[in-house]
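Hi there,

Here is the structure I promised to pass on.

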Amino acid sequence: MASFTSPLDTLLPKRSGPRPRVAVIGAGISGVALARALHSAGYPVQVFEKSRGAGGRMATRRTEDGGAFDHGAQYFTARDALFQEQVRRWMDAGLAAEWNGVIGTLEHGRVTRSEREHTRYVGVPGMGAGVKQLAEELALHREVRVERLEREGPAWRLFAESGPVPGVFDVVVAAVPAPQAVPLLAGAPGLAARAGSVRMQPCLAVMARFASSVELEVDAAFVHGSPLSWIAREEGKPGRRTVHPGEERWVLHGSPEASREALEDAPEQVATRWVEAFAAATGRDMRPVEAVAHRWRYALPAPAREESFLFDAASGLGACGDWCGGPRVEGAFLSGVALARHLHSR
Ligand SMILES: Cc1cc2nc3c(=O)[nH]c(=O)nc-3n(C[C@H](O)[C@H](O)[C@H](O)COP(=O)(O)OP(=O)(O)OC[C@H]3O[C@@H](n4cnc5c(N)ncnc54)[C@H](O)[C@@H]3O)c2cc1C
């Protein structure tokens with residue numbers, strides 16, 4: 001693969017002088033964009049991520065038989081020039097592609113195709129491919145869930161379940177969903193309160209594998225009059241591997257209301273109900289070979305705050321993510337970028 005560069009590598013103007021030590025908590029697109037821009041400008045940056053890798057809600061679940069599902073973000077759009085440039089570089093590197101699937105609406109068995117209003121992109125081979133690539137050069141500590149911060153002189157020390165994390169930091173950024181940022185921002189109560197004011201909607205997602213085609217005339221649809229709000233066929237997206245020819249893999253997203261109601265239900269129960277809702281919405285009585293549920297407790301902000309990031313100069317604590325400035329993938333990227341610019345301009 002050709003060497004991969006990002007517009008984030010030249011985002012911040014060259015400057016001499018010492019750089020603060022920065023910890024970024026969360027390796028979703030916002031935290032990785034922030035960390036990559038700072039790293040390229042010479043900042044000592046460390047990223048801490050509770051899961052096994054970068055990408056966050058731009059997530060792909062691989063099943064035992066090798067099939068994969070994008071069970072979080074479904075696609076992204078690019079309106080801002082910098083993000084468009086990032087997407088172009090990803091496409092050049094084979095890490096993203098336009099998704100020209102047929103998308104429509106679905107209501108009680110009736111499918112209506114929608115006009116394409118904007119270009120939709122997906123990561124290739126999975127949604128988070130580009131974020132993983134951006135994170136490759138970073139000091140990324142996987143499977144570290146940061147629980148709290150403590151002052152150590154003028155700096156901060158991070159604590160995970162297993163105890164203190166090596167190193168101290170002048171600046172700590174919570175690049176995590178708003179409710180998860182609250183405890184991390186305890187040292188800046190004003191910021192913690194602002195993060196605490198953001199509500200995030202849940203989404204229960206079901207990944208269902210069918211032995212034969214569901215024979216819908218769309219690759220994905222917004223669903224009305226159903227506990228589901230969105231359905232999408234994995235094979236309809238570019239660069240997805242077919243494991244068993246003839247099979248179809250569908251992602252079924254519950255609406256915010258139905259997801260909230262079923263949030264604490266057993267995953268098997270959710271899988272059964274969402275498959276039933278799929279059958280009712282499509283008018284096809286299909287039995288899946290396998291159906292697995294995933295709970296996104298914090299899927300989307302409702303609504304996002306207006307500021308594109310939070311930062312408290314006195315404590316050195318900050319936050320970014322899709323709940324700052326603009327929701328969704330592009331908004332999260334731009335939130336990380338805005339905070340990088342702010343930190344570099346101080
Ligand atoms: C079901 C669903 C569907 C969506 N559909 C779309 C869509 O179609 N289009 C679109 O543009 N957007 C969509 N989104 C939203 C999009 O995924 C997000 O806006 C974007 O990915 C958010 O990025 P982020 O960096 O702000 O946060 P995240 O991606 O959530 O990243 C935060 C990271 O922080 C980590 N973390 C959290 N707490 C800690 C801790 N204490 N210590 C260490 N690590 C921690 C998490 O594991 C995660 O990796 C969807 C989201 C979901 C869940």
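His108 sits in the loop that links strand E6 (103–107) to E7. This is a predicted model, and in it His108 has a positive phi of about 45 degrees although it is not a glycine. With a relative accessible area of 60%, His108 is exposed.

Arg328 is another residue to look at for its backbone. Its phi is near 80 degrees, again a positive value in a residue other than glycine. Arg328 belongs to helix H8, and its relative accessibility of 55% makes it exposed.

While you are looking at backbone geometry, there are cis peptide bonds to check. One joins Val124 and Pro125, with omega about 10 degrees; Pro125 is in the loop between E8 and helix H3 (129–135). Another joins Ala302 and Pro303, where omega is about -5 degrees. Pro303 is in the loop that runs between strand E18 (290–301) and strand E19 (310–312).

Back to helix H8, and its packing. Helix H8 (residues 328–345) packs against helix H2 (residues 81–92) at an angle of about 110 degrees, and the two axes are 10 Å apart. H2 is therefore roughly perpendicular to H8. On the H2 side the contact is made by Leu82, Phe83 and Gln86, and on the H8 side by Val329, Glu330, Phe333 and Val337. Sorted by class, that contact has 5 nonpolar, 1 polar and 1 charged residues.

Next, the cysteines. How many disulfides does a search of the whole structure find? The count is 0. Cys320 is in no disulfide, and the nearest cysteine sulfur to it, that of Cys324, is 6.9 Å away.

His253 is part of strand E17 (residues 248–254) and counts as buried, with 9% relative accessibility. Leaving aside residues up to four places away in sequence, the residues that His253 touches include His71, Gly72, Gln74, Cys203, Trp230 and Trp274.

Ser114 is in the loop between strand E7 (110–113) and strand E8 (121–123). Is Ser114 buried, exposed or partly exposed? At a relative accessible area of 37%, Ser114 is partly exposed. Beyond residues up to four places away in sequence, Ser114 touches Ile103, Gly104 and Thr105. Ser114 is also 12 residues from Val102 in sequence, with 7.8 Å between their C-alpha atoms.

Finally, the overall picture. The protein has 8 helices and 20 strands. Its radius of gyration is 21 Å, close to the 20 Å that the globule rule gives for 346 residues, so the protein is as compact as a globular protein of that length. The C-alpha trace spans about 65 × 45 × 35 Å along its principal axes. Of the 346 residues, 54% are buried. Among contacts with a separation of 6 or more, 70% come from residues 24 or more positions apart.

Happy to talk any of this through.

Best wishes

Terms used:
Residues numbered from 1 in each chain as written. Predicted model: local features only at pLDDT ≥ 70, side-chain atom pairs only at ≥ 80, totals over all residues. Heavy atoms only, no water. Disulfide = S-S within 2.5 Å. Axes fitted to C-alpha atoms, helices over the stretch in contact; angles between N-to-C directions. Helix = DSSP H or I, 4+ residues; strand = E, 2+ residues; numbered from the N terminus. Parallel < 35°, antiparallel > 145°, perpendicular 65-115°, else oblique. Contact = heavy atoms within 4.5 Å. Nonpolar A, V, L, I, M, F, W, Y, C, P; charged D, E, K, R; others polar. Rg over C-alpha atoms; globule rule 2.2 N^0.38 Å. Buried < 20%, exposed > 50% of the residue type's maximum accessible area, 1.4 Å probe, protein only.
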